[in-house]
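Open the model in your viewer and show it as a cartoon, with one colour per chain. The stops below say what to select and what is there.

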Amino acid sequence: MSLTLEQVLRVAHLARIEVNEVEAHATLGRLNEIFTLIEEMQAIDTKGVEPMAQAQDVAQRLRADRVTESDQLAQRSAFQAIAPETEAGLYLVPKVLE
Amino acid sequence: MKAWEVVIGIETHAQLATRSKIFSGSSTAFGAAANIHANAVDIALPGVLPVLNRSAVECAIRFGLAVGASIAARSVFARKNYFYPDLPKGYQISQYELPVVVGGSLLIQVGDSEKVVALTRAHLEEDAGKSLHEGLGQHFHGRSGIDLNRAGTPLLEIVTEPDLRSAAEAVAYARALHALVRWIGICDGNMQEGSFRCDANVSVRPVGQPHFGTRREIKNLNSFRFMQQAIDYEVQWQIATLEDGGCIEQATVLFDPDSGETRAMRSKEDAHDYRYFPDPDLPPLTIDRQWVDKIRSQLPELPAAQRDRLIADYGLSAYDAKVITGSLELAAYYETAVAVAGRSNAKACANWVMGDLAARLNKENREIAESPVSAHQIGGLVARIGDGTISTNIARKVFDALWSGAGSEADEIIAREGLQQISDSGSLDTMLDELLAANAAMVAEYRAGKEKAFNALVGQAMKATRGKANPQRVSDLLRKKLD
């Protein structure tokens, strides 16, 4: 299996990553190399092997349902100090409407 | 003209009633100032890691047990990737291939018939933030405001099989599910605040066609009325489109309550391209048998079981039992009233709760939880009707007094106002003798065979005692005197 240039541009659009034509071609080449590698791996017989969802064989640790935050106003100020634009506590972004 | 069959499946997002978020220690409280409940995890600063909230998992297990589903011993969190400014990570943590709750079913009632709706699954996920497009100052024209307080609020997404065949069935299902999640205490069910929102997948096909038609998904229905209207409109639109020779394109649509119409929202090109993969930040969730058993032992009696018990043990009609088990609050109110009035008065309690009380609450637009008359008070009142202390008519006066706060218990009001029924023969005897003497004409009429005159005499007796005479006793004594 190999990708087309259109697929690369589409995935870039889904992730809102801007790529120019040169970058798109280069990315296509690199992604196809990865697909070649996957094809090689798919030659291995994995019948009867349960797929892993995680590289480590550990279970999820759970936390108690407790609110651990305090002084949220100061925290918000600290976070918003590095935001490009804020207003009335809101983060401002270019208008998005569907 | 062809006959069409409607096929509907519902996806519901129920916000889980936890104190903190699903993967962080931020509060889930509604209505705070913008971004106050958005910590480093919620706004996705680099380097943060999610840690799963135990209570959110417990809510999912409670739900699974309540619908007879299987609880997955091992389930997996996945990243659902899409770009939107109110989704700070660029992906939503959800579950995909291995959800926590699998299968199960919900019994619904549509009119007089019952139907079992099969559930596909229920999975845990985080909510997104909110985008505000209006209400910003003039010079912020062309911007949207992002509030991430809701980002990371735990959701249980509950998905049905395409089992529903009409808007009425869809609404009946949504109502039953709404009642259930509130009943088991996993969701406050507040639809105005978005705690319970439904998406309806709607398609139509000619009757007899084995495969489903192409579906369109109506998003974010946050009232039962809108759900009914939106599906009705969508069904008519799809049938009209197909009968005009057109075809349905798969799409996500929004319902506009003002126009009563649905309109397509996302372009087909971008829809459903979420590139799911297991989240490397979260190892699989394991749930052992002991944990499930412990939660099972803490589940309240479920509405269907309580309904059957009210019919079997209290002798209620199926309809009464259904109404009373419509919500946990109403069922609890009723049970308290019966506990006070005694089981022999269970039917009378149902009549009062669903009759006078419900009518009064409805008139004043109040919920059962806000009733000025407590379950204890209603029970005390019904007990006094049951033992003959007061008549039903007098009971209504006592009820009014309880409603307006003119007394704390029925017994107190009855004693203070002297409302006890007059049942003893001695005092009724004297009163009736006087009455007969004063109404000789009526007596003559009765003796001439006019039954009407007898009723008039009973009425006179009730009037003379200001409604306090026991009407049955009056009737018995009168017959004895006249016949």
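How many salt bridges does the rule find across the interface of chain B and chain A? The rule finds 3, where a salt bridge is a side-chain nitrogen of Lys or Arg within 4 Å of a carboxyl oxygen of Asp or Glu.

Before selecting anything, note that this is a predicted model, in which local features need pLDDT of at least 70 and side-chain atom pairs count only at pLDDT 80 or more, while totals for chains, interfaces and linings use all residues. Residues are numbered from 1 along each chain as its sequence is written, chains are lettered from A and ligands numbered from 1 in the order in which they are written, and side-chain values use heavy atoms, with hydrogens and water left out.

**Stop 1: the interface**

Select B:Arg143 and A:Glu85. Their side chains meet in a salt bridge, with 2.7 Å from N to O. Elements are named here from DSSP runs: helices are H or I of at least four residues, strands are E of at least two, and numbering starts at the N terminus. In chain B, β2 (52-53), α1 (54-66), β11 (143-147) and β18 (285-286) each supply at least two residues of the side that touches chain A. β11(B) gives the most to that side, with 5 residues.

Contact means heavy atoms within 4.5 Å; 59 residues of chain B are in contact with 40 residues of chain A. The area buried between the two chains is about 4,300 Å², and carbon and sulfur atoms give 56% of it. Buried area is the accessible area (1.4 Å probe) that two parts lose on being put together, summed over both.

**Stop 2**

Select β2 and β3 of chain A with β10 and β11 of chain B. These 4 strands form an open sheet in the order β2(A)-β3(A)-β11(B)-β10(B), with antiparallel pairing. Which are the edge strands? They are β2 (86-87) of chain A and β10 of chain B, each of which pairs on one side only. Two strands pair if DSSP finds at least two bridges between them. β2(A) and β3(A) (residues 90-94) pair in the antiparallel sense over 2 bridges, and the bridge partner of A:Thr86 in β3(A) is A:Tyr91.

Next select strand β1 of chain A (residues 62-63) and β2(B), which pair in the parallel sense over 2 bridges. Here A:Leu62 stands opposite B:Leu52.

**Stop 3: salt bridges within chain B**

Over all chains the count comes to 31 salt bridges. Select B:Lys89 and B:Glu126, whose closest N and O atoms are 2.7 Å apart in a salt bridge. B:Lys89 lies in the loop between β5 (77-81) and β6, and B:Glu126 in strand β9 (residues 113-126), 37 residues apart. Buried means under 20% relative accessible area, exposed over 50%, and partly exposed in between (1.4 Å probe, protein chains only). B:Lys89 is partly exposed at 27%, whereas B:Glu126 is buried at 7%.

Move to B:Asp127 and B:Arg150, a salt bridge with its closest N and O atoms 3.3 Å apart. B:Asp127 is in the loop between β9 and β10 (130-132) and B:Arg150 in the loop between β11 and β12 (154-160), so the pair ties together parts that are 23 residues apart in sequence. B:Asp127 is buried, with 6% relative accessible area, and B:Arg150 is partly exposed, with 24%.

Then select B:Glu335 and B:Arg309, whose side chains meet in a salt bridge (2.6 Å, N to O). B:Glu335 belongs to helix α7 (residues 328-341) and B:Arg309 to helix α5 (residues 303-314). To finish this stop, select B:Arg360, B:Glu364, B:Arg366 and B:Asp400, which are linked in a network of salt bridges.

**Stop 4: a glutamine in β6**

Select B:Gln95 in strand β6 (residues 91-95) of chain B. Is B:Gln95 buried or exposed? B:Gln95 counts as buried because its relative accessibility is 1%. Leaving aside neighbours within four places in sequence, its contacts include B:Phe77, B:Arg121 and B:His123. A polar atom of its side chain lies 3.2 Å from the backbone nitrogen of B:Val100.

Note on methods:
A polar contact is a pair of N or O atoms within 3.5 Å; within protein, one must be able to donate a hydrogen and the other to accept it, and residues adjacent in sequence count only if both atoms are side-chain atoms.
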